[in-house]
Amino acid sequence: MPYGKGRTYKKVEVIGVSGAGIEAAIQQAVSKAQHSLEKLSWFEVQDIRGHIGDDGNISEYQVIIKVAFELK
């Protein structure tokens, strides 16, 4: 897209969950959003949470992100 041309974006909230770590949870959220939305442009991490298992170890990561996509 040529520079100088106006563009408009929308952001939506997506939650990714993974037992493999924060980056994997972000990638999970982005990958799923890519299937539903067109022209994804960027993401912003809003919150990071996790679940602690009975053994005291982290069992899963939950990352809330906002993904932006260009409106048609």
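## Gln28 and its helix

Gln28 is part of helix H1, which covers residues 22-36. Helices here are DSSP runs of H or I with at least four residues, strands are runs of E with at least two, and both are numbered from the N terminus. At a relative accessibility of 36%, Gln28 counts as partly exposed. Buried means under 20% relative accessible area, exposed means over 50%, and partly exposed lies in between, with a 1.4 Å probe and protein chains only. Along the chain Gln28 and Ile58 are 30 residues apart, and their C-alpha atoms are separated by 18 Å.

The model is predicted: local features need pLDDT of at least 70, side-chain atom pairs count only at pLDDT 80 or more, and totals for chains, interfaces and linings use all residues. Residues are numbered from 1 along each chain as its sequence is written, and side-chain values use heavy atoms, with hydrogens and water left out.

## The chain as a whole

The C-alpha trace spans about 55 × 20 × 15 Å along its principal axes. The radius of gyration of the chain is 15 Å, whereas a compact globule of 72 residues would have a value near 11 Å. This radius is taken over C-alpha atoms, and the globule rule is 2.2 Å times the number of residues to the power 0.38.

Of the 72 residues, 22% count as buried. Among contacts with a separation of 6 or more, 62% come from residues 24 or more positions apart; a contact means heavy atoms within 4.5 Å.

Ile65 is located in strand E3, residues 58-70. Its relative accessible area is 0%, so Ile65 is buried.

## An aromatic pair

A pair of aromatic rings is described by the distance of the centres and the angle of the planes. Rings of Phe, Tyr and Trp (its six-membered ring) pair if their centres lie within 6.5 Å; planes under 30 degrees apart count as stacked, over 60 as edge-to-face and the rest as tilted. By this rule there is one aromatic pair. The ring centres of Tyr9 and Trp42 are 5.0 Å apart and the planes stand at 55°, so the pair is tilted. Tyr9 belongs to strand E1 (residues 9-18) and Trp42 to strand E2 (residues 40-52), so that the pair links distant parts of the chain, 33 residues apart.

Tyr9 counts as partly exposed at 30% relative accessibility, and Trp42 counts as partly exposed at 37%.

## Lys39 in a loop

Lys39 lies in the loop that joins H1 and E2. Most residues other than glycine have a negative phi. Lys39 is not a glycine, yet its phi is positive, at about 60°. With a relative accessible area of 54%, Lys39 is exposed.
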